[in-house]
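Hi,

Here is the structure I promised to pass on to you. Have a look at it first, and then read my notes below.

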Amino acid sequence: MITHFIEYATYLLPKAVGSTIIHIRLNHNGVIEMLIDSHAHLDMPEFEKDREQVLERALEGGVTRVITIGIDLPSSLKALELANKYDFIFSTIGYHPHNAKDADDSTLEELAKLGREPKVIAWGEIGLDFYRRHSPPEKQKRIFEEQLDMAGHFDLPVIIHDRDAHREVFEILKEKGNTSRKGVIHCFSGDYKMAMAFIEMGFHISIPGTVTYKKASVVQEVAASIPIESLLIETDAPFLTPVPERGKRNEPLFVTYTARKIAELRQMDFRELARRTSENVNRLFRLP
Ligand SMILES: [Zn+2]
């Protein structure tokens, strides 16, 4: 583990590697803390100017792995490019429900060409968004279902986006999400009962930075009560920045605030929570 981390850090921070390693060792008595940001959009223009520094800050703060998410074909290609450049970054491919309107047979075929790339570890984010409705609901459903089949074909877990479509997403997953790998409901916004229904189907639940907001009692209850084996933590950076950075651009390092809040809600040691949720990510996505 330590060797790996040194390799990652050396790769990313050729100049700062010495001080970084010492910093981490001193802070944690030789034990490297592992916290994973299971969902970020590192390809987005918000990171164009300072992506290297953002990644450097994440590693220095103990965020040892980041999964960067594709939302359409160009973004999936860019996510994979980043994953191929940095050992500690993994990528997904897929058409977000907002972008379902741009998906057709040929773009999905292009995505499928990436399905067996070693650094592609999941299909997503896919799903339904009946809140913003950037794509017509019928098209969203069709593209969602087609991609569930494709994920099944490549034996990849799925990353599900569900906004104001809990019932429809649940029904579609019940019918089509029956692949062996299952997946995660990202940025979960339902209540405890809904969370448990997805968990009973074999899915994980991922909690974003909104759990740190004062009025977030529903998501706080979910984060505090679901079985630890089913819990993932994410930033959804550059969106949904947790307190105390709320108002700024989100970045993978800030997953630390979300993890601390969840540890507090669960009355659990922070490092234990980091370890358990990281194990969940590694197991679900079969990370090396
Ligand atoms: Zn996202």
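**What I found**

Pro-238 sits in the loop between β8 (231-233) and α10. Before going on, a word about where this comes from: the model is predicted, so local features need pLDDT of at least 70 and side-chain atom pairs count only at pLDDT 80 or more, while totals for chains, interfaces and linings use all residues. Residues are numbered from 1 along each chain as its sequence is written.

Back to that loop. The peptide bond joining Ala-237 and Pro-238 is cis, with omega about 10°. Pro-244 is also placed in the loop between β8 and α10, and the bond from Val-243 to Pro-244 is cis, with omega near 10°. Leu-240 belongs to this loop too. Its phi is positive, about 55°, although Leu-240 is not a glycine. Why point these out? Most residues other than glycine have a negative phi, and most peptide bonds are trans.

Is Leu-240 buried or exposed? Leu-240 is buried, because it has 20 other C-beta atoms within 10 Å (buried means 20 or more other C-beta atoms within 10 Å of the residue's own, exposed means 12 or fewer, and partly exposed is in between; C-beta atoms are placed from the backbone). Asp-164 is another residue that is not a glycine but has a positive phi of about 55°. You'll find Asp-164 in the loop between β5 (158-163) and α7 (166-176). With 14 other C-beta atoms within 10 Å, Asp-164 counts as partly exposed.

Now for the whole protein. It has 11 helices and 8 strands (these are DSSP runs numbered from the N terminus: H or I with at least four residues for helices, E with at least two for strands). Buried residues make up 46% of the 288 residues. Of the contacts with a separation of 6 or more, 72% are between residues 24 or more positions apart (a contact means C-beta atoms, placed from the backbone, within 7 Å).

The largest nonpolar core has 75 residues (such a core is a set of buried Ala, Val, Leu, Ile, Met, Phe, Trp, Tyr and Cys residues joined through C-beta atoms within 7 Å). Strand β4 (residues 120-129) gives the largest share of this core, 6 residues. Among the residues with the most contacts inside the core are Trp-123, Phe-188 and Ile-205. Ile-205 touches, among others, Phe-188, Phe-198, Val-222 and Leu-232, leaving out residues up to four places away in sequence.

Ile-160 is buried, with 29 other C-beta atoms within 10 Å. Its C-alpha atom is 6.5 Å from that of Gly-124, 36 residues apart along the chain. With residues up to four places away left out, Ile-160 touches residues including Gly-124, Ile-126, Val-169 and Ile-185.

Last, a helix pair. Helix α10 (residues 255-265) and helix α11 (residues 270-284) pack at an angle of about 110°, with their axes 9 Å apart (axes are lines fitted to C-alpha atoms, for helices over the stretch in contact, and angles run from 0 to 180 degrees between N-to-C directions). That makes α10 roughly perpendicular to α11 (angles of 65 to 115 degrees count as roughly perpendicular, under 35 as roughly parallel, over 145 as roughly antiparallel, and the rest as oblique). The contact is made by Ala-259, Arg-260, Ile-262 and Ala-263 of α10 and Phe-270, Leu-273 and Ala-274 of α11.

Cheers

Technical notes
Contact = placed C-beta atoms within 7 Å.
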